[in-house]
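Colleague: Could you walk me through a new model today? I would like to learn how to read its main features.

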Amino acid sequence: MDRSDWLWKAFLPPTEAAEAGRDHAAINVSGPRAADISALDRFPATLVFIGGLDGLQDWQRRYYDWLKSSRKEAYLVEYPNMSHGFYLFPEVRESRELISQVMEFVHKQCKVARRDGGDSVGNTN
């Protein structure tokens, strides 16, 4: 968490970093300062991956739960034995699996958009 905190502080203007901490809307998009996205009709379907050994998995799960509670189409895929950023290593079997899942998801969403006349980014169940 120390490394993540440092990165977030480096990302934000100093006054905003000190004031909002981890709950700045740019860092914690689903946190207490989150925008209300429930009325957005064209919010894209979202695929969320969580590594079971990822130190940020609770944040990722909260993001997924926030999408669902905002009535957005969201899918959760968990890799229980993977750490943060495991998909960056192509020699890891799960990395290739994740990339295949992303490709399949994108192709499916493109078909949905074409079926809906090309003006729909995704469904909003």
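Colleague: Which element gives the largest share of the lining of the largest pocket?

Modeller: Strand β1 does, with four residues. This is a predicted model, in which local features need pLDDT of at least 70, side-chain atom pairs count only at pLDDT 80 or more, and totals for chains, interfaces and linings use all residues. Residues are numbered from 1 along each chain as its sequence is written, and side-chain values use heavy atoms, with hydrogens and water left out.

Colleague: How should I read the word "pocket"?

Modeller: Rolling a probe the size of a water molecule over the atoms shows where empty space is left. On a 1 Å grid over the protein atoms alone, a pocket is an open set of points where a 1.4 Å probe fits, with protein on both sides within 12 Å along at least five of seven lines, and lining residues have an atom within 4 Å of a point. A volume is the space filled by probe spheres set on the points, which are joined across faces, edges and corners. Here the largest pocket has about 440 Å³.

Colleague: What lines the largest pocket?

Modeller: Its lining has 21 residues, and L56, W59, Q60, Y63 and H84 lie nearest the centre. Both β1 (46-51) and α3 (57-69) supply at least two lining residues each. By type, 13 are nonpolar, seven polar and one charged; Ala, Val, Leu, Ile, Met, Phe, Trp, Tyr, Cys and Pro count as nonpolar, Asp, Glu, Lys and Arg as charged, and the others, Gly among them, as polar.

Colleague: Which residues line the second largest pocket?

Modeller: M1, R3, S4, L7, W8, L56 and H84 do. That pocket holds about 200 Å³ of space.

Colleague: How many helices and strands does the protein have?

Modeller: Helices (H or I, at least four residues) and strands (E, at least two) are DSSP runs, numbered from the N terminus. This protein has four helices and two strands, in the order α-α-β-α-β-α from the N terminus on.

Colleague: How do the strands β1 and β2 run, parallel or antiparallel?

Modeller: Two strands pair if DSSP finds at least two bridges between them. β1 and β2 (residues 74-79) run parallel, joined by six bridges. In β2, E78 is the bridge partner of I50 and Y79 that of G51. With α3, the two strands make a right-handed β-α-β unit: with the strands pointing away from the viewer, the path from the first strand over the helix to the second runs clockwise.

Colleague: Which residues form the largest nonpolar core?

Modeller: A nonpolar core is a set of buried Ala, Val, Leu, Ile, Met, Phe, Trp, Tyr and Cys residues joined through side-chain atoms within 4.5 Å. Buried means under 20% relative accessible area, with a 1.4 Å probe and protein chains only. The largest core has eight residues: I37, F43, V48, I50, Y64, W66, L67 and A74. Its largest share, three residues, comes from α3. As for β1, five of its six residues are buried.

Colleague: Where does N28 lie?

Modeller: N28 is in the loop between α2 (14-20) and β1, and is buried, with a relative accessible area of 7%. Its C-alpha atom is 8.1 Å from that of W59, 31 residues away along the chain.

Colleague: What should I notice about the phi of R71?

Modeller: Most residues other than glycine have a negative phi. R71, although not a glycine, has a positive phi of about 65°, and lies in the loop between α3 and β2.

Definitions and conventions:
Buried < 20%, exposed > 50% of the residue type's maximum accessible area, 1.4 Å probe, protein only.
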